[in-house]
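Please read it alongside the sequence and the structure.

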Amino acid sequence: MSKPIIINIQDIGHRVIESIFRLGRASRFFLLLLLKSGMSLRRFDLVIRELYFTGVLSLIIILISGLFVGMVLGLQGYETLQKYGAESAIGALVALSLVRELGPVVAALLFASRAGSAITAEIGLMKTTEQLEAMGMMAVDPIARVVAPRFWAGVISMPFLAAIFSAVGVFGGYLVAVVLVGVDDGSFWSQMQSMVDFRYDIVNGIIKSCIFGVAVTAVAVFEGYDAVPTAQGVSGATTRTVVTSSLVILGLDFILTSFMFRGVS
Amino acid sequence: MQRTMMDLWVGLFVMAGIGALLMLALKIGNLGTYSTAQSYTLVGNFENIGGLKIRAPVKSAGVVVGRVLDIQFSVETFDAVVTMQLDNRYKFPKDTFASILTAGLLGEQYVGLAAGGDEAPLKNGDKIMKTNSAIVLEDIIGQFLFNKASENSTSKSGGKE
Amino acid sequence: MLTDTLIEIKELSFSYGNRAILKGINLTVPRGKVVAIMGGSGCGKTTLLRLIGGSVTPSSGHVMLAGQAVHKLNRNDLFLMRRKISMLFQFGALFTDLSVFENVAFQIREHTNFPESIIRDLVLMKLHAVGLRGAHNLMPAELSGGMARRVALARSIALDPMLVMYDEPFTGLDPISLSVIGNLIRRLTDALGMTSILVTHDVQESLKIADYIYFISEGVIAAHGTPAEVRSSISPFVHQFVHGEENGPVPFHYPSGTYAGDLSLGNNFV
C-alpha cells in the first residue's frame, strides 16, 4: 500500500533535483552563449541568414494575427465604450492595449510557437544527427557557429515583429471603428495621440518585446542544445520550448508591467 | 542567387520593422510635439489637485498645449506644486489663470489655462500666480448635504415656532 | 621498415558514471597506416574515438597524439590539434542546411581566409576524389546513403588532415557502396599520406583494407594482428567474431538470473 506513495515522493524529489540541475546547465549555457557571441557579430551574414528563418518567415502569422486582434479590439471596445458614450476613445483603447500589452505579448507567444519551436527542432536534430559533434571535431565551436547566430537573430527580430503587430493591429482597429462602425476619423487618431505617450507606452512596449525576444530565443536554443538526441527527445524539447517560453513570457510580462506602469496614469 | 533573395527579404523585413516603429512613434505616440527641445516648463501651486496625475494634459480652450510633468508636495506652503511642460508654440500672458478641471462627470482631470490680458508672456520656469483648485466631489456632496441639513433644520425649527 | 608512431594509447580507462566502458586499453597506430578497431556493438569503440578526439576525458591512462597527451591540452590547443584530425561520423553528419559544396567548404571557410576561387578549386578537387564533383549543387537530403557517406569523406579530408577517424563507415550501405567507401579509405590514406583509424564491425571489409586490426571485448584489447594473422588466428574470440558465430566467448544472453527463476517457475508448482 505505502510503496507507491514512497515512489511518488522519490519521483517528486528526483524531478526537483533534476530541474535544479537543468537550471544550472541553462545558466552556464547562456553565459557561454554570450561569451561566444563575438563571432556571430563579426560574421553578420550568419545572423542575416537566421533573420530570414526567424523573422521573415514569422511575418505572415504576425501580420494576420495583428490585423485580427486589432479588429476584435475595435469591435469589442466599441460595444463597451458606446454604453458610456465614449466611443471616440476607441482609438486610444486599441492603441494602448496593443502597444503596452498585446503587441509585445501576443507577438512573443506567436514567435515562440512559430520560430522558437523551429529553432529547437533544428538544433535538436543537428545534435541527433551528430552534426554538432562533427562541428566540434572540426575545431568549430557549435555554440558560436550554430547557437549564437540563431539567438541574436531572434533577439533582433522580436521587437520588429512586436512593432509590426501593434501597427497592423491599430490599422485593424481603425478598419473596424472608422470604416465599419463609423467613429469619427479625426477623433479616433486625436484621442489615440493624446492618450498614448511615447516614452511611457511605446518605449516600454519595445523594451518588453526586447526582453521577451531574449527569453524566448534563449529557451529555444537551450532546449534544442540540451535535447536528448533521439526523435522523442527532440519532439519533447520542442513542446517544452513552446510551453516554457509561453509561461516565461506571461510571467515576465506581469513583472515588467508592475515595474513600468506603476504609479503613472 | 538564393543568397541575394534571402538578403532582400531580410532587408524588407527590417524596413517593415523600422517603418512600424516609426508609425508607432509618430502617428500613435505623437512623438516630437512635446519633446524637451521645443518646450518650456511652468509651475503652479494648487491647494488641492484632486485626482490629477503625471502626464495629464494641459489644455487651453480645449486644445492640448502641454502635459503635467511632475507633482510635488511643498512642506513650506503645504500645497501641491505642479510642474507643467508646455509647447513652445503656445505662449501665455503673465496673468494666466490655471485651474484643475474634469473632463465630463467622471473623466480624467486636466489643467485648464485661461489666458489673461498682460502683455508680458510667461517664461521657462515661471510660476503661475492665479490658480484654482480641483473640485473634489466629496466636498461638493458634503457641502450640499450640509446645506440641505441646515435648510431642513431651519425650516423645522421655523415650523415649531 | 621502421614506421614512427602517431598515436599511442596507454592503460586507457573510461567509465560513464559507474559503468566501466574501457578498462585499460593499450594500442599504437603507426603513421600512414589504416588501423581497424573491431568489436561487438556497444563495446566502447566509438568512445575510444571520442577519447582520441578529446571530446571526453579518460578516467585514467592517456592518449598520446603526435607526442601530446590529448586530455591535458587546454581548449585552444585542443582546437588547434583538431584542425589536423578529422572524423567521419556513422551516418555522415552532413550539415543538412548547407549544400554539398558548402559542406565540404565548411572547414576551409572557418579556418582559412582563402579567396573564393581557391576554395572552389579545393572543394571540387576533394569532391572529384570521391567521384561526386557533379553533385556539388545538391542538398544532403537529395543524396543516397552511400553518396552522403562519400561527401562526408570529402569533407573530412578538406583540410588534408594527418589523421582521419571513421566511426562505423560501412553501416547501412549496400555492398557496392560499401566497397566503394572501403577502397576510398585505402586509396586516400595512401595518396594523401594520412593515417586512418577505422572503427567497425564489418569483418570482411576491414580485413581487406586494414594494415592492422585490434579487437576490443569487454573494455580490453582481446586480440590484435595483421589481417593475415587474424584470418589464421586460433583465438576462440577472434574465430567467433570473424566467422560470426552465435556462441563462443561472447555470450548470446545478457547477464541475468536463471531462466526458470525469471519465469517464476517453481512458485506456481508449490
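This is a predicted model: local features need pLDDT of at least 70, side-chain atom pairs count only at pLDDT 80 or more; totals for chains, interfaces and linings use all residues.

Residues are numbered from 1 along each chain as its sequence is written, chains are lettered from A and ligands numbered from 1 in the order in which they are written, and side-chain values use heavy atoms, with hydrogens and water left out.

**Chain A**

Chain A has 10 helices and 0 strands, where helices (H or I, at least four residues) and strands (E, at least two) are DSSP runs numbered from the N terminus. The C-alpha trace of chain A spans about 65 × 60 × 35 Å along its principal axes.

Two helix pairs can be described by their axes, which are lines fitted to C-alpha atoms over the stretch in contact, with angles running from 0 to 180 degrees between N-to-C directions. The axes of H5(A) and H7(A) come within 7 Å and cross at roughly 145°, and this crossing is right-handed, a term that applies if the near helix is turned clockwise from the far one by less than a right angle. The contact of H5(A) with H7(A) has 23 nonpolar, 6 polar and 2 charged residues; here Ala, Val, Leu, Ile, Met, Phe, Trp, Tyr, Cys and Pro count as nonpolar, Asp, Glu, Lys and Arg as charged, and the others, Gly among them, as polar.

Helix H4 (residues 59–81) of chain A and H5(A) have axes that come within 10 Å and cross at roughly 145°, and H4(A) likewise passes H5(A) in a right-handed crossing. Among the residues that make this contact (heavy atoms within 4.5 Å) are A:Ile61, A:Val69 and A:Gly74 of H4(A), together with A:Leu93, A:Ala107 and A:Arg114 of H5(A). By class, the contact of H4(A) with H5(A) divides into 13 nonpolar, 4 polar and 1 charged.

A salt bridge is a side-chain nitrogen of Lys or Arg within 4 Å of a carboxyl oxygen of Asp or Glu, and by this rule there are 30 salt bridges over all chains. One of them joins the side chains of A:Glu223 and A:Arg22 at 2.7 Å, N to O. This pair links distant parts of the chain, with A:Glu223 in helix H9 (residues 198–226) and A:Arg22 in helix H1 (residues 2–35), 201 residues apart.

**Contacts between chains**

Of the 2 pairs of chains that touch, chains A and B have the most contacts. No contact joins chain B and chain C, whose closest C-alpha atoms lie 12 Å apart. In the table, buried area is the accessible area (1.4 Å probe) that two parts lose on being put together, summed over both.

| Pair | Buried area | Share from carbon and sulfur atoms |
|---|---|---|
| Chain B and chain A | about 2700 Å² | 76% |
| Chain A and chain C | about 1900 Å² | 56% |

The contact between chain B and chain A takes 25 residues from chain B and 33 residues from chain A. In chain B, B:Phe13, B:Ile28 and B:Arg55 lose the most area to chain A, together 28% of what that side buries. Between chain B and chain A the count is 0 salt bridges. Helix H1 (residues 2–28) of chain B gives the most to the side of chain B that touches chain A, with 17 residues, and by class this side has 15 nonpolar, 3 polar and 7 charged residues.

Between chain A and chain C, 20 residues of chain A are in contact with 23 residues of chain C, and the count is 7 salt bridges. The side chains of C:Asp97 and A:Arg49 meet in a salt bridge of 3.4 Å, N to O. Helix H5 (90–128), helix H6 (131–137) and helix H7 (142–181) of chain A each supply at least two residues of the side of chain A that touches chain C. The largest share of that side, 6 residues, comes from H6(A), and by class the side of chain A that touches chain C has 8 nonpolar, 3 polar and 9 charged residues.
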